[in-house]
Each structure stands twice: as C-alpha cells, then as structure tokens.
Amino acid sequence: MTQVTPLPGSAPNRFRQAVEAALAAVVAERHELAEAFGALFAEADAGGWAGPAADDWWRGAAGQRAAALGALDSWADACRHLLLSEPVRVAHDDPRARHPGPAPAPRAGQR
Amino acid sequence: MPGPPERVVVDPATLQRMVTAMTKLHQKLRTQERALAAHAHVDAVPLAAGAPARLRATGTWAEREVAALHRRLVLAQAADPEAPGATGATGATATSVRWATAGGHEASDQTAATATATATATATAAGRALAERLARPGPDHRDRDRLTDTIAVLDRRADDPGFVAGFYDRLGPTGLAVLLHHLFDPAGPARARPAQAAEVLGRGLATYSRVRVLSDAWLGRFSRQGRAGQVETSLLGPLLGHGQFSPQLLERLGALMFGTARGPLRDVGLLTGPRGGMRSGPWSARAAHREYSATLLRAIAAEPRLAPSFASRHLPHLLHASRLVTELPKGLRPPGDSWSEALEPARAALVAAAGGAAAQRASPAAARQFVVRLVEMGAAGPPGRISPHLRAAYGQVLHVWRDDLHAAITSPLPPDRSRPDAPGLGLAAGQWAALLRESLRGGASAPLLAADAITAAARIEEQAWLGTGGYNRPEAGHYPASPRTLAYHQANEIVAFFGTALIDAAEAELRDHAAALEQHRRRTAVLLDILAETAKSIDVTSLVRTLVNLGTGLTVEIVEDRVRRATATLPTERSRAVLAALRVGLRILPGWQEQYRASVTQLWRHRGSSPLRPVRVDAGGGTTRVYTGDPRADGYVTGPADDFLGPGNEPIAVEAMTPRQRSAYGAWLASPAIVANNDRLPSVLGAPPADVVPSWGPDWARPRSPGDRGLE
C-alpha cells in the first residue's frame with residue numbers, strides 16, 4: 001500500500017492501531033458490564049430479599065463485580081501504557097508496519 | 001450445629017427480577033468474552049494476561065447463580081402458593097416472612113449443592129403427589145374441581161424441572177394420553193374444561209421434554225390403550241403451541257408425521273374404534289390430526305436450531321406436496337395429512353423459517369445448506385406449479401439471503417462450488433434466477449425483492465464513490481475509463497437480473513394460461529398488473545422514491561383477494577406494454593465475468609509497454625491513497641498465502657486458487673487502478689453505462705440475449 005503523506009518513507013503503525021481498537025473495545029465493554037451489575041444490585045438492595053443467605057449472596061456478588069471490572073480496568077491501563085510509547089507512523093521496513101492491525105469485529109450475522 | 005433463629009424475608013417478585021437481571025448479566029459476560037477475545041492478544045504482545053480468564057470465571061459464577069436464584073424463587077413460591085406474588089396474577093408483591101434456623105445458611109458451595117439436591121427431591125415428590133391426587137381421587141372430590149386445582153398448581157410450577165418431572169413421571173405417557181383426551185375431546189366427558197388447561201399442560205410438558213428424553217419407548221406408550229407402537233399424536237395438538245419443546249421430540253414427531261421415521265412407531269393420529277371415544281361431535285379424527293400437524297410444523301419452524309436441518313431433510317416432500325395441492329384435484333392426491341391442502345401455509349412457513357433470519361443466526365451452517373438445497377431443487381426440480389404460499393416463502397428466503405444472491409450476480413469470479421460459505425453460497429447466478437422467477441410468479445414478494453435489488457445497486461455505487469473520491473482532480477490527467485465503471489456495471493447487472501426475472505415470470509404466466517379457465521385468466525391479469533406496477537416503481541435515479549413507490553407490504557392474502565375481486569376482462573394491454581418496454585431497456589451481458597478477467601490479465605501483461613497510470617483518491621480524513629495497479633504495492637497481496645500471481649507474474653487459474661487467493665484476486669480485479677486503466681471496458685461491459693437506469697431504449701438497443709421472445 002502506498003500512502004502519500006508529508007513524511008515520505010513512512011507507513012502507519014498498524015500495531016498502534018490494533019492497540020487503539022483494543023482500548024476502545026475494552027472501555028465500551030467495561031461501561032456495559034458496570035451497567036449490568038448495577039441493574040442486578042439495584043434489585044438486590046430493594047429489600048425484597050433479606051436474611052443470612054441474602055447477605056452471603058451480596059458479599060459474593062460484590063466480590064465478583066470488583067474482580068471483573070478490575071480486570072477490565074487493568075486491561076485498559078495496559079493498552080494506555082502501550083500507546084504512550086508507540087509512534088503513529090513507522091518506517092516501511094518496520095515490523096509494526098506489517099502488523100495485521102485491529103482485530104476484525106465479530107461477525108454479527110448477515111446485514 | 002443449629003444456631004438461633006433469624007428473620008428471613010423472601011419476596012418472589014424481587015427474586016424474579018433478580019433472576020432476570022442475573023440472566024442479562026450472564027449473557028453480557030458471554031458476548032463480552034467473544035467480543036474481547038480477538039483483542040486479547042495483539043500479535044505476540046499479551047495485553048492483559050489475567051483479564052480473559054477472570055471474565056470467564058465471572059461468567060461461570062453468573063451462570064451458576066442464575067440457576068441458584070431460580071431454585072430459590074421456586075422454593076419461595078412453593079412455600080407460599082397462596083401469595084399473589086407467586087402467580088403474578090394480581091401483580092401485588094406479597095412478602096413472605098418466615099423463620100429459619102441457621103441450618104438454612106447456604107454460605108458455602110458444599111451446603112448450597114446439598115440444599116439444591118434436597119430441594120429438587122422435594123419438588124419431584126410434590127409433583128408426584130399432585131399427579132397421584134389426580135389419578136386417585138378422594139371420595140368427596142368432584143371431577144371438575146380436581147382438574148381445576150391440578151391445573152392451578154401446575155400453572156405456578158410448570159417451569160420447575162423437579163416438580164414437572166415428578167408430575168409427568170407419575171402420570172406416564174398412557175396416563176397423559178387419557179388426561180388429554182378427557183380434557184380436549186369436545187365429545188368426551190369433560191365438557192367444561194378448566195381455562196388455560198392447554199397452555200399450562202403444554203408449558204409443563206415442554207419443560208418435561210427438556211428434562212427427560214422422551215424416547216421411542218415413551219412415545220410408543222403414548223395412547224389411551226397403551227397399544228405398543230401406536231402414537232396418538234393428535235392429542236398433543238393443543239399443547240404444542242405453548243412452551244419450548246425439546247428439538248429432539250419435535251424432530252421425532254415430525255419424522256413420524258411425514259412417515260420417514262424408522263422403527264416400530266406409527267403416527268395413528270387419534271385411535272377410533274369400540275373404545276376409541278368417537279361419538280358424534282365437531283371433533284373428528286381427521287380434523288384433529290390436521291390441526292396437530294399444522295401446530296407441529298409451526299413449532300418446528302419456531303425452533304431456529306431445528307428448522308433448517310428438518311426442512312432440508314424433508315424438502316422434496318414439501319415441494320412435491322405444494323405441486324400436488326396446486327395441480328391435482330382432491331381425490332387424486334395421496335392420502336395422509338402431510339400432503340393435505342390445509343397444511344400448505346404451515347409447510348410454507350417452515351420453508352420460510354428454515355431460510356429465515358433467526359435460523360441464519362442460530363445455525364448458520366445448516367441454514368446455508370438448506371438454502372443451497374432449496375436453490376438447487378428450485379432450479380433443477382421437476383416442472384409444475386407451486387402454491388402462492390410457497391412462492392411467498394421463497395421470496396422471504398431470497399430477502400434474507402439477498403447479500404449472497406447479489407454477490408453471485410456481481411462477482412467477477414466464477415462460483416466457488418468447493419466452499420458453500422463463500423459469498424453467493426457457491427451457486428451460479430442462473431440457479432438463483434430460477435428461484436427468483438418462481439417467487440415472482442406469486443406476485444406477493446415482487447415489491448420486496450425489487451426494493452432489495454435497487455438498494456443493493458445503490459449501495460454498490462455509493463461504495464464506489466466513497467472509495468474513489470477525487471480521482472478526477474484537475475492535475476490527474478486522462479484515464480481510459482472511470483475507476484467506477486465496474487461498480488456501475490455491477491449495479492446495472494443487479495437491476496437487469498431482477499428485471500429479467502420479472503419479465504420471465506410474466507411470460508411464463510402468459511404461456512401457461514393462454515387458453516386456461518376464467519379463474520386462471522383473472523389470476524394472470526392480476527399478476528401482470530402487480531409485476532408491471534413493480535417495474536414502473538423502479539426509479540434508479542432515486543432510491544428513496546423507489547422505496548416509496550414499491551408497496552412492500554404485499555402478502556399472499558392481499559394478492560388472493562385481488563384475484564377474487566378481479567373481473568375476467570381486466571385489461572392486460574398496459575401491463576404488457578410496460579413489461580415489454582422493460583425487456584427492451586435491459587442490457588444483459590452473459591458471461592461478462594470471464595471477458596472482464598481476461599481483459600484485466602491482458603492489461604497486466606502489457607504493463608511494461610503501456611504502464612498503468614496510478615490513481616490517487618481521497619481516503620478520508622485529509623489523507624490520500626495511491627493505487628498503482630500492482631497487487632503487492634496496493635496491499636492486495638500481503639504474503640505467500642494470498643499471492644495469486646503465479647509463474648511469469650500472472651494470475652494463476654482461478655479454479656486453482658485457495659479461498660484467500662480468490663478473495664485477494666477478486667478485490668484486485670475491482671481496484672480503482674485496474675478498472676481505470678482498462679481501455680477495453682467499453683467493449684467488455686457493453687457501452688459504459690453512464691446511468692444504471694434500464695433506459696427504456698430505442699428499438700436498435702434490443703438485447704442480444706437468445707432467450708428474448710418479447711411479450712406479445
């Protein structure tokens with residue numbers, strides 16, 4: 001692929017593009033997961049279920065929420081950290097120019 | 001050791017909402033796993049070592065909790081059957097307050113598992129007891145009250161696997177058959193049956209069919225007399241419309257109904273005879289079985305994992321039955337309800353569902369296989385008219401698979417028969433055309449399919465404009481052709497393909513009924529009217545106007561109604577004239593794909609003496625992209641796996657290419673530099689179409705197609 005740019009002899013850093021896509025995906029998914037957990041806890045805290053079993057359930061669920069959201073947070077941090085050190089463009093012969101690039105979106109059926 | 005009693009509050013309505021929220025959370029986690037898996041490893045750099053595993057663990061926890069919360073909900077409802085919240089009948093939330101000992105603590109997994117097992121055993125025993133009470137009435141119980149009570153209890157617990165298993169286990173297949181006959185035979189003893197009996201028993205049996213395997217042994221005893229091997233299927237008719245039955249059971253019943261089942265079982269419908277309960281009344285064994293068969297087919301159609309494979313297996317039967325219904329008078333058709341005319345809408349609904357959007361999502365491979373089979377049988381099947389319902393079903397299938405239909409028309413490559421998941425499903429455009437013609441002859445699907453064709457054509461053009469923006473800037477110089485020429489041609493091909501099918505359908509209709517009965521003449525007139533209306537509505541200069549013109553809400557019923565109201569003298573001259581004009585306007589170029597590929601090879605071979613002019617286009621965001629025509633420099637060939645250039649640096653034979661090479665080759669063939677430098681295009685693709693309008697041309701523009709017979 002040939003690009004005409006102000007900086008001849010350079011190519012887009014496909015690796016950086018892949019990391020950017022991953023970061024965007026992780027942040028979006030974290031938001032949705034937090035909402036799903038929020039809906040669950042809203043029901044649990046409404047007072048319709050109380051007792052020792054309910055308390056145990058609440059503690060277990062809160063632990064799962066913290067762990068899952070924390071995992072996504074650390075993932076996003078890792079992406080941000082990588083982006084800090086990645087240039088936008090690299091030389092043509094750089095392996096990062098030949099990186100396959102952002103992962104394709106999962107196929108959601110026929111349009 | 002038991003501790004002091006503690007206060008426990010359990011509101012079934014809250015638990016129900018928590019089950020819903022937990023189910024949603026579980027689904028979210030599962031889709032998330034798929035969405036993020038692709039990003040987890042960016043090449044060799046692991047981005048988040050522990051995160052995917054952590055999310056999977058949360059997913060497992062959520063899945064377990066859905067079951068556990070559901071169990072708790074069922075227990076709460078069982079403990080308080082009077083609470084309105086348990087049935088949801090009044091919508092009020094009744095909170096039950098009970099006292100439990102600390103022994104009821106379900107903190108650790110160990111105790112939770114034990115408690116679940118105990119709860120299941122309790123539920124099963126309760127279900128068994130309910131069936132027991134039904135089977136052995138006490139002396140002072142009146143029959144109707146007993147049934148009403150049973151239905152009411154079962155209604156609350158029809159989704160509880162343990163309870164349902166206990167109930168239907170105790171009842172047994174023979175007992176269930178007796179109960180169903182008692183309830184649903186209008187001439188039978190239970191003249192007034194409890195309301196919702198069919199719905200509740202159906203939901204329960206659906207749950208049961210997923211808990212237990214309802215094998216041949218069970219089905220073999222499903223008759224009132226318990227006669228081995230004679231299945232009184234009609235008794236299931238009222239039940240099958242409720243709840244989600246296990247696909248295995250539906251498939252087995254379907255095979256019995258079509259008579260393709262192996263083994264000793266026989267579908268006897270409803271046994272008649274000395275003790276068969278056939279008294280006078282509206283309930284006739286034939287009608288009951290027909291009703292059952294229709295419900296069964298619709299239940300199968302509603303199961304997207306089952307419909308495609310089942311319909312594939314019975315496709316010859318489905319098509320044949322439709323032809324017989326249309327062509328043979330009643331007395332000459334084979335006996336058996338699977339051939340009956342009353343079942344034609346249900347059979348067509350099954351065909352539409354098997355190639356429908358739900359099936360395409362749920363079981364893509366089976367759905368693809370079904371569509372391939374349908375197209376092949378539609379193209380090569382024995383001649384004969386099929387019913388309007390089946391034609392409408394074809395239209396729905398073509399609508400769902402329109403991307404593949406259009407890919408088969410526009411691809412410059414020959415169909416890839418080795419790979420059924422390739423665009424176009426490995427089918428030739430001619431095969432698709434046969435199915436399209438069959439569908440159009442029903443009339444009902446013509447506007448919808450026309451809208452599909454016009455939309456696809458407009459989208460191809462739009463893509464071409466987006467991909468080649470600004471190629472003709474002032475300093476660019478002159479190219480032999482516009483890089484959009486191929487896209488224009490492809491858009492034209494789609495419209496021409498559809499228009500030809502439309503005309504062929506109209507001609508076939510005219511031929512078939514030139515000297516037919518009045519009824520048929522009326523149908524022909526109405527159909528010609530619809531097809532001409534569709535043709536007139538196509539306005540390629542404006543996608544929006546076309547879609548407004550086309551009344552896409554046409555159904556079989558509306559067409560039939562128009563046929564009924566039409567008079568035999570409905571004039572057809574105007575319709576014929578519109579369709580004849582359309583025929584003249586269409587430019588059909590048979591075999592353009594091969595000629596186009598050859599012209600590109602020539603272009604590439606002579607690049608030394610006549611170099612390709614690079615095409616520079618706006619790539620969006622202020623950047624530009626230059627296409628040189630070289631597949632390697634332009635990024636179409638990225639490595640040995642997709643390098644389609646063979647010895648001598650020329651494309652190898654397309655039949656010998658791997659799927660990756662094919663797709664790289666296809667993309668290169670349509671790339672701007674290759675199209676723009678091809679000065680042979682005017683002769684290969686006909687006159688370069690400046691517009692894709694089938695341009696109602698003058699007489700000399702008559703197509704070269706040998707099949708052109710005109711309408712008159």
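B:Ala307 touches B:Ile300, B:Ala301, B:Leu350, B:Ala353, B:Ala354 and B:Ala359, leaving out residues up to four places away in sequence. The model in which these contacts are found is a predicted one. B:Ala307 also belongs to the largest nonpolar core, which has 200 residues. Within that core, the residues with the most contacts are B:Ala307 itself, B:Ile300, B:Leu350, B:Leu502 and B:Leu531. The element that gives the most to the core is helix H21 of chain B, residues 485–512, with 14 residues. In soluble globular proteins, nonpolar side chains tend to be buried together.

B:Glu461 lies in helix H20 of chain B, which covers residues 446–467. Apart from neighbours within four places in sequence, B:Glu461 is in contact with B:Ala487, B:Tyr488 and B:Ala491. B:Leu486 is 25 residues from B:Glu461 in sequence, with a C-alpha to C-alpha separation of 9.5 Å.

Another part of chain B shows a helix pair. Helix H6 (residues 161–184) and helix H7 (residues 197–211) of chain B pack with their axes 9 Å apart, at an angle of about 125°. H6(B) and H7(B) are therefore oblique to each other, and the crossing of H6(B) past H7(B) is left-handed. H6(B) contributes B:Pro161, B:Val164, B:Ala165, B:Phe167, B:Tyr168 and B:Leu183 to the contact, while H7(B) contributes B:Ala197, B:Gly204, B:Leu205, B:Thr207, B:Tyr208 and B:Val211. Sorted by class, the residues in this contact are 10 nonpolar and 2 polar, with no charged residues.

Key: Residues are numbered from 1 along each chain as its sequence is written. Chains are lettered from A and ligands numbered from 1 in the order in which they are written. This is a predicted model: local features need pLDDT of at least 70, side-chain atom pairs count only at pLDDT 80 or more; totals for chains, interfaces and linings use all residues. Helices (H or I, at least four residues) and strands (E, at least two) are DSSP runs, numbered from the N terminus. Two residues are in contact if their C-beta atoms, placed from the backbone, lie within 7 Å. Axes are lines fitted to C-alpha atoms, for helices over the stretch in contact, and angles run from 0 to 180 degrees between N-to-C directions. Angles under 35 degrees count as roughly parallel, over 145 as roughly antiparallel, 65 to 115 as roughly perpendicular and the rest as oblique. A crossing is left-handed if the near helix is turned anticlockwise from the far one by less than a right angle, and right-handed if clockwise. Ala, Val, Leu, Ile, Met, Phe, Trp, Tyr, Cys and Pro count as nonpolar, Asp, Glu, Lys and Arg as charged, and the others, Gly among them, as polar. A nonpolar core is a set of buried Ala, Val, Leu, Ile, Met, Phe, Trp, Tyr and Cys residues joined through C-beta atoms within 7 Å. A residue is buried if 20 or more other C-beta atoms lie within 10 Å of its own, exposed if 12 or fewer, and partly exposed in between; C-beta atoms are placed from the backbone.
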